[in-house]
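Q: Could you take me through this model feature by feature, giving the general idea of each before the particular case?

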Amino acid sequence: MKKKNIVILTGAGISAESGIKTFRDSNGLWEGHDVMEVASPQGWRNNRSLVQDFYNQRRKQLKEVSPNQGHLSLVELEKAFNVCIITQNVDDLHERAGSSRVVHLHGELLKARSTVDPSLVYEWNDDISENDKCEKGSQLRPHIVWFGEAVPMLEQAAMLTSVADIMIIVGTSLQVYPAAGLSAYAPSGIPIFYVDPFPKTNAELNGAQNLTVISEKATTGIPKLVQILMEKMK
Ligand code: APR
């Protein structure tokens with residue numbers, strides 16, 4: 001029998017218990033910075049070294065944290081389902097947990113890209129410095145989708161969601177589009193599960209006919225949900 005497709009949209013909340021701060025749980029500040037200062041093209045133009053430094057710190061921090069039970073439990077689903085994770089997170093905790101298919105909507109901390117040609121993307125584990133250039137000679141920047149920039153992976157994410165049999169949404173405040181509207185691409189009536197200790201409702205989710213909200217943290221809510229879904233497949 002063909003495995004059912006599960007699409008999982010994750011946000012900062014799934015990595016919170018690994019020690020990475022969420023965006024909107026600390027008065028709109030991201031690790032002490034106004035998000036527009038460190039996550040927008042204007043911020044980059046105004047103070048390049050502050051932005052580089054900020055992501056260099058995030059890259060360092062990433063090496064000090066590990067996947068939690070939430071990330072790990074999602075891997076379990078691959079035994080019975082065709083699983084695709086669409087994450088808004090720029091960390092690599094899903095990959096390190098062992099998930100095999102992860103689409104990063106907002107870029108990846110462990111990659112750098114050219115400032116003249118967005119198709120030139122490089123694996124990057126350490127700091128990006130002012131001397132680091134792409135093969136066309138331009139400065140490298142973090143491979144992060146900043147506010148106001150295009151979301152190149154959206155088309156693929158929408159396509160994957162459009163063939164989902166089940167959708168899971170975890171740890172996101174559903175405030176940033178287009179990610180927040182992804183569930184609108186899901187076939188109507190499919191079961192949607194939303195795991196978040198402080199779930200937000202928005203128009204798309206209110207419209208979902210088959211929505212189950214699990215108001216729990218990722219490390220407890222995801223294992224419970226995974227157990228329910230795995231039991232159903234027996
Ligand atoms: N487990 C699950 N969810 C949690 C946990 C936890 N332990 N702790 C907090 N949360 C939830 C919060 O209740 C909130 O709904 O995680 C969500 C975090 O929301 P945001 O900080 O807004 O993060 P996110 O939705 O991922 O932000 C989207 O905004 O700044 C941009 O590009 C950035 O990808 C990011 C996007």
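A: We may begin with one residue, taking contact to mean heavy atoms within 4.5 Å: I169 touches L9, L174, S183, I192, F193, Y194, V195 and L205, leaving aside residues up to four places away in sequence. This is a predicted model, in which local features need pLDDT of at least 70 and side-chain atom pairs count only at pLDDT 80 or more, while totals for chains, interfaces and linings use all residues. Residues are numbered from 1 along each chain as its sequence is written, and side-chain values use heavy atoms, with hydrogens and water left out.

Q: Which residues of the largest nonpolar core touch the most other members?

A: In soluble globular proteins, nonpolar side chains tend to be buried together. A nonpolar core is a set of buried Ala, Val, Leu, Ile, Met, Phe, Trp, Tyr and Cys residues joined through side-chain atoms within 4.5 Å, where buried means under 20% relative accessible area (1.4 Å probe, protein chains only). Here the largest such core has 23 residues, and L9, I86, M167, I169 and L174 touch the most other members. At least two residues each come from β1 (4-10), β4 (81-87), α7 (154-162), β9 (166-170) and β10 (192-195), the elements being DSSP runs numbered from the N terminus (helices H or I, at least four residues; strands E, at least two). The greatest contribution is that of α7, with three residues.

Q: In what order do the six strands of the open sheet lie?

A: Two strands pair if DSSP finds at least two bridges between them. The order is β5-β4-β1-β9-β10-β11, with parallel pairing. Because β5 (102-104) and β11 (211-214) stand at the edges with a single partner strand each, one side of each is left without a neighbour in the sheet. Within this sheet, β10 and β11 pair in the parallel sense over four bridges, and Y194 stands opposite V213 in β11.

Q: What is the pairing in the open sheet of three strands?

A: That sheet has the order β7-β6-β8, and its pairing is antiparallel. Strand β6 (residues 107-114) pairs with β8 over five bridges, and G107 stands opposite I144 in β8.

How values were computed
Buried means under 20% relative accessible area, exposed over 50%, partly exposed in between (1.4 Å probe, protein chains only).
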